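Hello,

Here is the structure we talked about. My notes on it follow below.

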Amino acid sequence: HFLMPLDMALSTKSLTKDPNRYAQAYTVFQSRVSEHQIIQDFFNEKLEDYINSFAKDKETIKILGVGSGTGEPDLNILKQIQALYPGVPIIYEVLEPNVEHISKFKAAVSSTPNLKNVTFVWHQLTNKEFEKQVREKKEGKKFDFIHMIQMMYYVGDVASTIQCFRHCLEKTGRLMIIIMSGSSGIAKLWQKYEHHLKLSDFNISTDQIMEVLEEQDISYQYFELESDVEITDCLKGNEHGNLLLDFLTLTCNFSESVSTALKAEILEYLHSSEYNTEREGKNFFDNKMGVIMVDP
Ligand SMILES: C[S@@+](CC[C@H](N)C(=O)[O-])C[C@H]1O[C@@H](n2cnc3c(N)ncnc32)[C@H](O)[C@@H]1O
């Protein structure tokens with residue numbers, strides 16, 4: 001009976017059902033994290049050998065970004081490949097359902113110099129739509145590198161997605177997954193409130209990915225990246241805070257659509273659990289990431 005007041009939620013809707021609000025919430029989230037810089041630092045340290053493993057001796061390098069969003073990590077990966085393999089033609093395909101994200105990515109491409117040897121191919125599709133094409137053999141392309149950065153939450157069936165995209169790799173092709181770590185504050189928040197927030201379809205972290213890989217006997221390397229998100233605005237209840245809360249709980253209009261008791265409890269958790277740190281009067285919540293580099 002303790003769950004009762006929390007369960008008296010008005011009807012909640014997943015943030016993924018509202019692409020426009022998702023894009024707004026994602027913009028606020030990105031302004032409160034250094035996630036892209038942290039990923040970039042990791043790439044600077046570790047990506048060179050990895051790129052060599054799939055790009056060496058290739059006449060054309062074929063890449064697929066899945067859920068690429070507005071493309072920041074993608075353009076950094078491209079830059080690094082171009083530096084190692086200057087002039088080698090690159091076909092860069094992007095699988096991204098959100099129209100607003102695709103148009104921001106395209107704008108970033110237009111303002112990035114030196115992309116002459118890169119051909120972009122845009123697919124405004126979800127993973128499921130693409131997987132269906134692969135299964136119906138309408139899509140028989142093979143890639144040297146496929147990456148899925150912070151998007152595995154939305155794929156539905158992790159095991160069949162991994163299987164399908166591995167099938168789209170060349171023999172020496174590599175798959176890289178970046179996703180929140182199972183030991184991050186956000187993963188713990190989602191575990192704790194999975195039922196209240198109806199997150200069971202999205203509640204995915206490195207734990208589930210590694211479980212699937214181990215079940216299928218696929219070897220991989222794992223790296224953990226420290227990261228946190230500044231959540232000071234969440235307590236203030238202003239517009240940015242509310243959008244950020246939507247993103248962190250994956251719930252559309254979180255503040256208005258859950259019971260007062262649940263909202264209070266989640267805010268309390270964000271601000272006082274072991275995953276919160278305070279620096280210079282600001283509050284941060286742990287969003288540690290994991291990088292999973294799957295072996296060929
Ligand atoms: C958190 S963002 C990450 C974007 C980018 N990879 C990055 O790290 O900067 C997640 C992206 O996945 C996309 N997405 C959502 N559902 C998807 C699906 N079913 N298939 C492919 N992409 C999806 C979203 O539109 C969004 O652009």
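Which residues gather in a patch of negative charge on the surface? They are Asp207, Glu211, Glu214 and Glu215. This is a predicted model, where local features need pLDDT of at least 70 and side-chain atom pairs count only at pLDDT 80 or more, while totals for chains, interfaces and linings use all residues. Residues are numbered from 1 along each chain as its sequence is written, and side-chain values use heavy atoms, with hydrogens and water left out.

A patch is made of residues with over 30% relative accessible area and no salt bridge, with like charges joined within 9 Å. A salt bridge is a side-chain nitrogen of Lys or Arg within 4 Å of a carboxyl oxygen of Asp or Glu. Glu215 lies in helix α9 (residues 206-215); helices are DSSP runs (H or I) of at least four residues. Glu215 counts as exposed because its relative accessibility is 62% (exposed is over 50%, buried under 20%, partly exposed in between, with a 1.4 Å probe and protein chains only).

Now the rings. The structure holds 20 aromatic pairs (ring centres within 6.5 Å; planes under 30 degrees apart are stacked, over 60 edge-to-face, the rest tilted). One of them is Tyr22 with Tyr154, edge-to-face at 5.7 Å centre to centre and 85° between the planes. This pair links distant parts of the chain, 132 residues apart: Tyr22 is in helix α2 (residues 19-31) and Tyr154 in the loop between β5 (143-149) and α7 (158-167). Tyr22 is buried because its relative accessibility is 11%, whereas Tyr154, at 25%, is partly exposed.

Ring pairs also link Tyr22, Tyr26, Phe29, Tyr153, Tyr154, Trp190 and Phe247 into a cluster.

Regards

Notes:
Patch = residues over 30% accessible without salt bridge, like charges linked within 9 Å, V, L, I, M, F, W, Y side chains within 5 Å. Areas by Shrake-Rupley, 256 points an atom, 1.4 Å probe, with all protein chains shown as cover. Lys, Arg positive; Asp, Glu negative; His and termini not counted. Charge placed at Lys NZ, Arg CZ, Asp CG, Glu CD. Helix = DSSP H or I, 4+ residues; strand = E, 2+ residues; numbered from the N terminus. Phe/Tyr/Trp six-rings, centres within 6.5 Å; stacked < 30°, edge-to-face > 60°.
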